[in-house]
Amino acid sequence: MMNQRLAFSAAEMASPATAAEIAVNGVAALCDPLGALYLPDHDVLVVSDLHLEKGSAFARRGMMLPPYDTLATLNILSAVILRYDPKVVVSLGDNFHDRRGSALMPEAFRQMINGLARGRDWIWINGNHDPDGTVDLPGQSVDELVYGGLVFRHEPSLVAGRGEIAGHLHPSATVGRRGKYVRRPCFATDGSRMVMPACGVLSGGLDLKHKAMHGLFDRSALIAHLLGRDRIYSVRFDSLIG
């Protein structure tokens, strides 16, 4: 996903694409191939696990990564905002890769976010990587948001999952056909709750069959909505490889 996303501008990524029409706890939603969730009845766009400034966080620890991740991730964010022009944007935590990322982010990227947020309500959910919220950015930071019949939080709850939209786990899934296998980030939902894919271009993925996913879903109803270049591929859990 990283190389593909680095190769296109925000305008190119915002070109027509086929989203999957689903419902979470009875609320209509569109799963976009760029990894964002749009709630048309509430005009809300949801993204998760941006992990902005991950490259710079690693560099501060002496580990060199390509320095393009924040720009590439913001291009994805720009593209889905251009596509849906939402009234509200909700970012589901791990917005930055560490506690210092928000304060140290270069001014050019800060101005990009200011432009994207202009005229919208912007909610930053606090994550385990960035529990202290954001610094000098538009919007508000909260630990959890209840809105439109849904609960938005960073980490999925094993206790109260109905109507939950969460991130944190970076779900991915593997499908096979004619001896070939493809692994892609995915939206994971059984209709009651959803775990979102990571939008950050340097974020890895955790297989939907990993033990960390156990107990979150009714597997008989679980569907993986895999991200493709310009469409979503919806596959039932029992048809996945792994």
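## Briefing: overall build, cores and Thr189

The protein has six helices and 16 strands. The model is predicted. Of its 242 residues, 53% are buried.

**Overall build**
- The accessible surface amounts to about 10900 Å², and carbon and sulfur atoms account for 52% of that surface.
- When contacts between residues at least 6 apart in sequence are considered, 68% of them link residues at least 24 apart.

**Nonpolar cores**
- The largest nonpolar core contains 29 residues.
- Leu45, Leu50, Leu77, Ile81, Ile113 and Trp122 have the most contacts inside this core.
- Two or more residues of this core come from each of β4 (44-47), α4 (69-84), α6 (107-117) and β6 (121-125).
- The element that gives the most is α4, with eight residues.
- Leaving aside residues up to four places away in sequence, Leu77 touches Val47, Leu50, Leu116 and Trp122.
- Another core, of 24 residues, lies apart from the largest one, and its members include Ile22, Ala29, Ile123 and Phe152.

**Thr189**
- Thr189 belongs to strand β12, which covers residues 180-189.
- Thr189 counts as buried because its relative accessibility is 5%, and the cut-off for buried is under 20%.
- The side chain of Thr189 comes to 3.0 Å from the backbone nitrogen of Gly191.
- A polar atom of the Thr189 side chain also lies 2.7 Å from the backbone oxygen of Arg193.
- Not counting residues up to four places away in sequence, Thr189 touches Ile22, Val24, Met194, Phe217, Ala221, Leu222, Ile223 and His225.
- One of these contacts, Ile22, is a member of the core of 24 residues.

Terms used:
Residues numbered from 1 in each chain as written. Predicted model: local features only at pLDDT ≥ 70, side-chain atom pairs only at ≥ 80, totals over all residues. Heavy atoms only, no water. Helix = DSSP H or I, 4+ residues; strand = E, 2+ residues; numbered from the N terminus. Buried < 20%, exposed > 50% of the residue type's maximum accessible area, 1.4 Å probe, protein only. Polar contact = N/O pair within 3.5 Å; in protein donor to acceptor, adjacent residues only side chain to side chain. Contact = heavy atoms within 4.5 Å. Areas by Shrake-Rupley, 256 points an atom, 1.4 Å probe, with all protein chains shown as cover. Core = buried A, V, L, I, M, F, W, Y, C linked by side-chain atoms within 4.5 Å.
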